[in-house]
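Here are some friendly notes to read alongside the structure. Have the viewer open as you go through them.

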Amino acid sequence: MAAPTQPRIDPFVLDVLGRSDYAIIGELIPPNSAVLDLGCGEGELLAWLAANKRVKARGVELSGPKVRKAIASGVSVFHGDLLDALAGYPDFAFDYVILSQTLQETAEPLKVLRDMLRCGRKAIVAFPNFGHWRVRVAHLFTGRAPRTKLFPYDWYDSPNIHFLTVTDFQTLAAQEGWTIEREIFIAGKRRVSLLPNLLAETAVFLIRRKN
Amino acid sequence: MIAEVHTVQFDSITLDSGVELSPVQVAWESYGSLDSAASNAILVLHAFSGDAHAAGVSQETGLPGWWDNMIGPGKAFDTDKYFVICSNVLGGCRGSTGPASINPATGCPWAMTFPVITIADMVRLQKKLIDHLGIRRLLAVTGGSMGGMQALEWAVAYPDSVIAAIPIATTARHSAQQIAFDEVGRQAIMADPDWCGGNYYGKNPPARGLAVARMVGHITYMSDDSMREKFARRLRGKEQFGFDFEADFEVESYLRYRGRQFVDRFDANSYLYITKAMDYFDLTASRATLAAVLEPVTARFLVLSFTSDWLYPSYQSQEIVRALRAHNADVAYCELPSNYGHDAFLVDVAEQTDLIRGFLDSTAKARS
């Protein structure tokens, strides 16, 4: 039986968003908070949070077509670069700053994370786990840049420019003095509790700066 | 949709220059109907050479409005939902008081004795109109280019009267390049012997100077791409060069045509006064930073710019967005892809429509 404090993946959220990391983020964020979603895509998560949790929702997205869809659906999104956008916000402008499936694509991930914890009280970071056993097996047996369900790209056309694992993130958090308030590991739509660095496909961390 | 122009006169208005202008008239049109709570009004602000006729077919001329592709039933500014108002700016020549109006003290046109006006003065007159119409808060203020400057000025000067602002292809301050092009236009007009120090009313207007000014303007509204696409090096009505100075190229004949056409509908002195107002425009003039000026702003914003607009480049829109973000204001920004240059806001309406419709829907929903 799951511990009662564990966020449950609302099947409705899953249906709406089709992404289990979104579902977990949707559960982590309390009503009426101020939320900034970095790399928000078409703003589905923000639109859901605004409609269902009455959050003050803001987004940043680099892709023009995605920004246009987000704005057309009523979400306030800035068309531009993450770091540029983050730098402009005052300290603690948000309760939560979200970076979902984008950390591995950013040029300066540490700078992004630090600035997330400057303009947000808490940060939610979700990323694909490069430590997953399939990645390890693929690399070991092919001797090539691993291609798996989670990392389906050839090395030359992959948007992923940084490869990190669950353990890498935990190590960085310790090094930077961040408190990990929650860590949630998923494989497909299932929760993973054992050996997350080996078994989790996606990791979701809720972090804040130590006081 | 037949559009009828109305005029209303006010006793006086105090200008930024300190001059008291009296009386002052404003020409305006409206589309759609105002709801019983007067809560669905959108003020559309025209660009440099525009007028109050933004949409529908003019009762007077039979021509469509300058933003007819954006305003109407089911369009971006949906007149089935919203009450859309547009007025001619102060200093204009299309029904509102300007240099061609009669100075009651002399019985003659003001000409160059007309006081120099600013974007803030234009907005002051619009506020009088909105008050006159019994509208306390505007659901949105919007416009492209100089219209965007007025939208920004509205949000700063009357924060309690503006729920949302949509400045398009605009700037918080005119740049050296923008001032430079305006100055070329003004010098072209003033160099025309027919200008006569501005006292040409009842005589030949400075048609050549005004046409040249308009030609320069048109170049700045297009882009290298759009001109190549539209004209390339095509010759106009001939197979070979004429080896003379008649219009050889299509682009020449287009510019000449645009210049001539403009003379019939625009007053040269208005050109001088309105370009001066744009050049004076700098929201930060009175304060240290743009962020400080935007501090009292409560409106939510949708800021739009276009990739090929080199007259009002995207960095100017991004500067506005950045300053709003410093207050954590509710601001959406998108740079739209377009080949049309500055003209894009008038021409490239499909994507603007989706964005503006969604933004207005969510604004109206949040308000209710």
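This is a predicted model: local features need pLDDT of at least 70, side-chain atom pairs count only at pLDDT 80 or more; totals for chains, interfaces and linings use all residues.

1. Let's begin with chain B as a whole. Its secondary structure amounts to 11 helices and 16 strands. Along the principal axes, the C-alpha atoms of chain B fill a box of roughly 65 × 50 × 45 Å.

2. Chain B is assigned two domains, and domain 1 is written in two pieces: 2-174 + 280-367 for domain 1, and 179-276 for domain 2. Between the C-alpha centres of domain 1 of chain B and domain 2 of chain B there are 26 Å. Where the two meet, 25 residues of domain 1 of chain B are in contact with 19 residues of domain 2 of chain B. The domain 1 side of that contact in chain B is made up of 15 nonpolar, 9 polar and 1 charged residues.

3. Next, the neighbouring chain. Here 20 residues of chain B are in contact with 15 residues of chain A. On the chain B side, the elements that give two or more residues are helix H9 (314-325), strand S16 (331-336) and helix H11 (349-367). Which of these gives the most to the side of chain B that touches chain A? The answer is H11(B), with 7 residues. By class, this side of chain B has 10 nonpolar, 3 polar and 7 charged residues.

4. Two helix pairs deserve a look, and here is one of them. In chain B, helix H1 (residues 119-132) and helix H2 (residues 146-157) pack with their axes 9 Å apart, at an angle of about 70 degrees. That angle makes H1(B) roughly perpendicular to H2(B), and the crossing of H1(B) and H2(B) is right-handed. From H1(B), the residues Ile119(B), Ala120(B), Met122(B) and Val123(B) meet Met149(B), Gln150(B), Glu153(B), Trp154(B) and Ala157(B) of H2(B). The residues of this contact divide into 7 nonpolar, 1 polar and 1 charged.

5. The other pair is helix H4 (residues 207-221) and helix H6 (residues 250-263) of chain B, whose axes come within 8 Å and cross at roughly 125 degrees. That makes H4(B) oblique to H6(B), and H4(B) passes H6(B) in a right-handed crossing. On the H4(B) side the contact residues include Leu210(B), Arg214(B), Met215(B) and His218(B), while those on the H6(B) side include Leu255(B), Arg258(B), Arg260(B) and Phe262(B). By class, the residues of the contact of H4(B) with H6(B) are 8 nonpolar, 2 polar and 3 charged.

6. Now for the backbone. Most residues other than glycine have a negative phi, and most peptide bonds are trans. In chain B, a cis peptide bond joins Ser22(B) and Pro23(B), with omega about -15 degrees. Pro23(B) sits in the loop between strand S4 (20-21) and strand S5 (24-31) of chain B.

7. Last, a detail in chain A. Gln101(A) is a residue other than glycine with a positive phi, near 60 degrees. Where is Gln101(A) placed? Gln101(A) is in the loop between strand S4 (94-100) and helix H6 (109-119) of chain A.

Conventions: Residues are numbered from 1 along each chain as its sequence is written. Chains are lettered from A and ligands numbered from 1 in the order in which they are written. Domain bounds come from an automatic or database domain assignment. Two residues are in contact if their C-beta atoms, placed from the backbone, lie within 7 Å. Ala, Val, Leu, Ile, Met, Phe, Trp, Tyr, Cys and Pro count as nonpolar, Asp, Glu, Lys and Arg as charged, and the others, Gly among them, as polar. Helices (H or I, at least four residues) and strands (E, at least two) are DSSP runs, numbered from the N terminus. Axes are lines fitted to C-alpha atoms, for helices over the stretch in contact, and angles run from 0 to 180 degrees between N-to-C directions. Angles under 35 degrees count as roughly parallel, over 145 as roughly antiparallel, 65 to 115 as roughly perpendicular and the rest as oblique. A crossing is left-handed if the near helix is turned anticlockwise from the far one by less than a right angle, and right-handed if clockwise.
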